[in-house]
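I kept them in the order in which I worked.

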Amino acid sequence: MTHPTDSILIVDFGSQVTQLIARRVREAGVYSEIAPFTTAEAAFARMAPKGVILSGSPASVLDAGSPRIPQAILDSGVPIMGICYGQQVLMQQLGGNVTLGESGEFGHAVIEVTDDCVLFDGVWQTGEKHTVWMSHGDKVSALAPGFRPVAVSPGSPIAVVADDARKYYATQFHMEVAHTPDGAKLIANFARHVCGLSGDWTMAEFRAAKVAEIRAQVGSGRVICGLSGGVDSAVAAVLIHEAIGEQLTCVFVDHGLMRTGEAEQVVSLFREHYNIPLVHVNAEETFLAGLAGQTDPEKKRKFIGGAFIDLFEEEARRVGGADFLAQGTLYPDVIESVSFTGGPSVTIKSHHNVGGLPERMNMQLVEPLRELFKDEVRLLGIELGLPQAFVGRHPFPGPGLAIRIPGEVTKERCDILRKADAIYLEEIRAAGLYDTIWQAFAVLLPVRSVGVMGDGRTYDNVLALRAVTSTDGMTAEAFQFPGDFLPRVATRIVNEVKGINRVTYDYTSKPPGTIEWE
């Protein structure tokens, strides 16, 4: 990507919450990227950032071979802010001392501000006490030359340090997590007051830069994009179309496992609203035939992914091939996680709809969203003019309803689930709860139960309802509906959907459960 002149590099030492640092910096209106410490020097040279933030880590600076800050960054003169391990490694490398604490600090802690500091401007004042989130065993026992302590906690006599001359600052607590209520403001102060950045990075700026980049990459070539019906691939396609127009062809493989009206919505959006060349492949019969008799969830997923690739390849050949393949890859898919010992391990989603296509089809990749988080993709979608109702939709799995029907998938069972799910979502929207919930859906269970309707006995399907709150999908809690909501939905479903006589609600959190059932 053509990087904004004003940016901050985040050096990842393996923390589980490093992505949150990038989120907070971007929320402050400043572009940021994450690089594992093993490649941070190269990223620093490529980006020429105006500041660097050092993440936490599961490692200890006292261990031999533990991660270190590249010397080139320390020699550069740019402002640096360390968080937790980032504080400790900064002290250690600059001549201070870190020791194993007699007892660690884990969870909420109260710090006392003991001196003024630019990080605290407009947020904290000397003498005040504030709640923060700690998670550390080691602690700084001696400051590096040039530093002064500006806050303390019961477990950290050096909770925040400052070297104003070099513009180095560091905290023992985690500013990036929501458990530190003022953390985002402290990070914003570093970006704006310490690094001197204006905080005017916007989606409009990203859009303009990305359009120029796509044009430069593609030239006069042709691009093909596989639409899944989801937000990511749709936003990628609209952005690419803005850049290169008719050089883009989209292929929508309709596997017949979508929710009510979804396929029609996608086709209408692309053909009528955006006038984007679209090949609509109605492959319901192919997918249902391949799923017949199959009950193993992994085999269902693999069949659907493989069949999608086969059909996509076939349609790509039919339209005359292409030079580039567009994908809706997001930033969390490409960030390298770092192990304790410093060995980077790349974790990429294995369930992209077009996974495996680049090598087989000999095409270059166009991934215009790879620097964005999910919520930023939604903002870009709004910037591009996509309808709010489409951009704000809950996540929907690539295999669609097939993994919301444990057991065998048939057209009859898909139709039953579609009707029930539509009622559930309709009631959620009518109650004004849709945007409060991360994901809501129905699951048609491979269970039948006895019921009574009128004067007759029934023996029909059981439906489970699921709704969760989450920030990133990694953890989730069951949504607590108001008193009469679930009984009302259950009554409607049993009355209106033939084949269902019992409705249950799934209260399981993640972990130990997952959000989806398969």
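I took helices (H or I, at least four residues) and strands (E, at least two) as DSSP runs, numbered from the N terminus. The model is predicted, so I asked for pLDDT of at least 70 for local features and counted side-chain atom pairs only at pLDDT 80 or more, while totals for chains, interfaces and linings use all residues. Residues are numbered from 1 along each chain as its sequence is written, and side-chain values use heavy atoms, with hydrogens and water left out.

**Entry 1: backbone exceptions**

Most residues other than glycine have a negative phi, and most peptide bonds are trans. I looked for departures from this.

I found a cis peptide bond between Lys510 and Pro511, with omega about -15°. Pro511 sits in the segment after β20 (500-505). A cis bond also joins Pro511 to Pro512, with omega about 10°. Pro512 is likewise placed in the segment after β20.

I then looked at phi. Ala48 is not a glycine, yet its phi is positive, about 50°. I located Ala48 in the loop between α2 (40-47) and β3 (51-54). For accessibility I used these classes: buried is under 20% relative accessible area, exposed is over 50%, and partly exposed is in between (1.4 Å probe, protein chains only). Ala48 has a relative accessible area of 49% and is therefore partly exposed.

Asn275, a residue other than glycine, has a positive phi near 55°. I located Asn275 in the loop between α8 (262-273) and β12 (278-282). Its relative accessible area is 53%, so Asn275 counts as exposed.

**Entry 2: Ala72**

Ala72 belongs to helix α3 (residues 71-76). Is Ala72 partly exposed or buried? Its relative accessibility is 31%, so I noted it as partly exposed. I took contact to mean heavy atoms within 4.5 Å. Not counting residues up to four places away in sequence, Ala72 touches Glu41 and Phe44. I also checked Ala142, which is 70 residues from Ala72 along the chain; their C-alpha atoms are separated by 24 Å.

**Entry 3: nonpolar cores**

In soluble globular proteins, nonpolar side chains tend to be buried together. I defined a nonpolar core as a set of buried Ala, Val, Leu, Ile, Met, Phe, Trp, Tyr and Cys residues joined through side-chain atoms within 4.5 Å.

The largest such core has 48 residues, and Tyr424, Ile428, Leu463, Leu465, Phe481 and Ile493 have the most contacts inside it. Helix α15 (residues 411-430) supplies the largest share of this core, 8 residues. Apart from it I found another core, of 44 residues, including Ala234, Val235, Leu248 and Leu330.

I listed the neighbours of Phe481. Leaving out residues up to four places away in sequence, Phe481 touches Tyr424, Ile428, Leu433, Ile437, Ala467, Leu486 and Tyr505.

**Entry 4: helix pairs**

Two packed helices are described by the angle between their axes and the distance between the axes. I used lines fitted to C-alpha atoms as axes, for helices over the stretch in contact, with angles from 0 to 180 degrees between N-to-C directions. Angles under 35 degrees count as roughly parallel, over 145 as roughly antiparallel, 65 to 115 as roughly perpendicular and the rest as oblique.

First I took helix α7 (residues 231-244) with helix α13 (residues 374-383): their axes come within 10 Å and cross at roughly 45°. α7 is therefore oblique to α13. On the α7 side the contact uses Val231, Asp232, Val235 and Leu239; on the α13 side it uses Lys374, Val377, Arg378, Leu380 and Gly381. I sorted residues by class, with Ala, Val, Leu, Ile, Met, Phe, Trp, Tyr, Cys and Pro as nonpolar, Asp, Glu, Lys and Arg as charged, and the others, Gly among them, as polar. The contact of α7 with α13 has 5 nonpolar, 1 polar and 3 charged residues.

Next came helix α6 (residues 203-218) and α7, whose axes come within 9 Å and cross at roughly 65°. α6 and α7 are therefore roughly perpendicular to each other. Arg207, Lys210, Val211, Ile214, Arg215 and Val218 of α6 meet Leu239, Ile240, Glu242, Ala243 and Ile244 of α7. By class I noted 7 nonpolar, no polar and 4 charged residues in the contact of α6 with α7.
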